[in-house]
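This briefing is for a reader meeting the structure for the first time. It starts with one local feature and then goes through the chain by topic.

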Amino acid sequence: MLEGDLCIVGAGAAGITIARELANSRLKVLLLEGGGFDFDPQMQELYRGEIVGQPYYPLQAAALHYFGGTTNHWAGWCSTYEPIDFEKRDWVPHSGWPITRADLDPFYARAQKVLDLGPYKYDAADWKNGDADRVSLLSDSRVVWTKMWQFSPPTRFGTKYRDEIVNSPNVHLYTHANVVEVEANDELTAVRSVRIRTFDGKEYCARARRFVLACHTIQNARLLLASNRQAKTGLGNANDLVGRYFMEHFEMPAGELALARPELTKTKLYGLDFVKGTPRGELALSPAAQRENRILNGTASVESGTYGEAVKSTFQFIDTTMLNAMRTWEKGGKKGPHPIAVALGATATAPPTKGPPRFYHLTTRQEQAPNPDSRVTLSAEKDALGMPRARLDWRVTPLDKRSMRTFYQLLGREMGRTDTGRVQIKDWLLSDDLTWPSFISGGWHHMGTTRMSADPKQGVVDANCKIHGLANLYIGGAAVYPTAGAVNPTLTLVALSLRLADHLKATV
């Protein structure tokens, strides 16, 4: 039996961030990690699941099951959610957070350091870097503006923060500690313990005054649903919301941009440097344009290329082979070109033209509308520890596709109105709102499944990430997102983890 004041299940970005914030406090913190310190195929196999909805990555490849979690292979893209992302939008069903962007701003600023980012600045004007060519493509931002990204090295939590966690006097790390059940009191009002099982069949429990599930968006839901000996539909699931509203970011080639005067148009701000990690911009629609056209938030990357050449979606491009190549490149000291840069060069169908590029590929990065039918449930199959596997039914809505098409129509109008260039929309995007191409793609970004809401009938956790109806159980990570925003989730995940850690410290 393990005992502590706080038990954190999962040592990825969320779990490690919370543990670090509580290190050197008077709390005894138990940090339970299912894997070890290195990749283990047997451990990774526990994440294999069933796919029954839209085509999706193999679940055992979409998240990593060892110390540091998926930060062991993330690419480091970081940007903030916009104020509109937190708002209730009457044209986006089930939208609205119980907190605002202003509530998260102080934690965004602190998260910059955790992720080894630069200053907390995300305006395009802040990143000219003394270069007159690093300016926005369109000077009029009333409809289209430039959304900025910063790049973490990327920070590998399992490497950078390992010694700090291991040497902490009050954080007690247990590896190979797979939690298979959360056990509540008889009244189902609080959690008493979590049950841990090993591959050799041994079991033991961890007790604490408070608990944080920080496994992973899919695994958090799986664990709550599988904790069904006392609550038949799963713990925290009185309103049948656990596992629902699974969201991704669409990342798909959607258009082409032809500049009217390439020799005069400045696009340097939008270039991607895999090695230096220089902040870059993407084209986005203003909040006013989103409201007027009743569409979701999204951006478009601007990548120079040859007109007509094939452009792959993220699902097609970033596969397990690419992830392995990226890890090998990094472990080898980042010598030579980045594997993605090599692959991009290999996909070109024609040599680059002389002079400034005229043609640019436009690739969508867009939020998915919250959808209760897009969900994680339990499979009939069990893993090696006897726990039901996850079953993912990823579903999309007509609003998702209509928003994407409207985005490019508005972008095309602005490019034409300002005589900057012309936009050609891909044929697949011009078809009806219900038909999606075979290369429908997400960004390996899992969000939702235990969404945040002030109303227990609309969400699983409250504004402090505590599960409704359970006095001492919290959720860490992107599982609590009510909406997905249009940017990579890690910066917001770390900011929310810092906020949760402050709440836990303040309510001892």
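Where is Pro-154 found? Pro-154 sits in the loop between strand E5 (144-151) and helix H6 (157-160). The peptide bond from Pro-153 to Pro-154 is cis, with omega near 10°. The model is predicted: local features need pLDDT of at least 70, side-chain atom pairs count only at pLDDT 80 or more, and totals for chains, interfaces and linings use all residues. Residues are numbered from 1 along each chain as its sequence is written, and side-chain values use heavy atoms, with hydrogens and water left out.

**Overall build**

- The chain has 14 helices and 17 strands; helices (H or I, at least four residues) and strands (E, at least two) are DSSP runs, numbered from the N terminus.
- The radius of gyration of the chain is 23 Å, close to the 23 Å that the globule rule gives for 508 residues, so the chain is as compact as a globular protein of that length. The radius is taken over C-alpha atoms, and the rule is 2.2 Å times the number of residues to the power 0.38.
- Along the principal axes, the C-alpha atoms of the chain fill a box of roughly 70 × 50 × 40 Å.
- Of the contacts between residues at least 6 apart in sequence, 76% join residues at least 24 apart; a contact means heavy atoms within 4.5 Å.

**Surface and charge**

- Of the 508 residues, 59% count as buried. Buried means under 20% relative accessible area, exposed means over 50%, and partly exposed lies in between (1.4 Å probe, protein chains only).
- The chain exposes about 19,900 Å², and carbon and sulfur atoms supply 51% of that area. Accessible areas come from the Shrake-Rupley method with a 1.4 Å probe; for residues, only the protein chains shown count as cover.
- The mean positions of the 60 positive and 54 negative charges are 1 Å apart. Lys and Arg count as positive and Asp and Glu as negative, while His and the chain ends are not counted. The place of a charge is NZ of Lys, CZ of Arg, CG of Asp or CD of Glu.

**Salt bridges**

- Side chains of opposite charge can pair when their charged atoms come close.
- The structure holds 37 salt bridges, each a side-chain nitrogen of Lys or Arg within 4 Å of a carboxyl oxygen of Asp or Glu.
- Asp-5 and Arg-209 form a salt bridge at 3.5 Å, N to O. Asp-5 lies in strand E1 (residues 2-9) and Arg-209 in strand E9 (residues 203-213), so the pair ties together parts that are 204 residues apart in sequence. Asp-5 is partly exposed at 21% relative accessibility, and Arg-209 is partly exposed at 43%.
- Arg-110 pairs with Glu-21 in a salt bridge, with the closest N and O atoms 2.9 Å apart. Because Arg-110 lies in helix H5 (residues 101-114) and Glu-21 in helix H1 (residues 13-22), this pair ties together parts that are 89 residues apart in sequence. Arg-110 is partly exposed at 31%, as is Glu-21 at 23%.
- Asp-419 forms a salt bridge with Arg-261, the closest N and O atoms being 2.9 Å apart. Asp-419 is in the loop between helix H13 (398-417) and strand E16 (421-425), and Arg-261 is in the loop between strand E10 (249-259) and strand E11 (280-285), 158 residues apart. Asp-419 is partly exposed at 36%, and Arg-261 at 35%.

- In H1, 8 of the 10 residues are buried, among them Ile-16, Ile-18 and Leu-22.
- After H1 comes Asn-24, whose phi is positive, near 65°.
- Pro-398 is in helix H13 and is partly exposed at 37% relative accessibility.
- Pro-398 touches Asp-433 and Leu-434, not counting residues up to four places away in sequence. The C-alpha atoms of Pro-398 and Asp-432, 34 residues apart along the chain, are separated by 8.6 Å.

**Backbone angles**

- Most residues other than glycine have a negative phi, and most peptide bonds are trans.
- Tyr-245 has a positive phi of about 65° although it is not a glycine. Tyr-245 lies in the loop between helix H8 (217-226) and E10 and is buried, at 4% relative accessible area.
- Trp-444, not a glycine, has a positive phi of about 65°. Trp-444 is placed in the loop between E16 and strand E17 (473-475) and is buried, with a relative accessible area of 14%.
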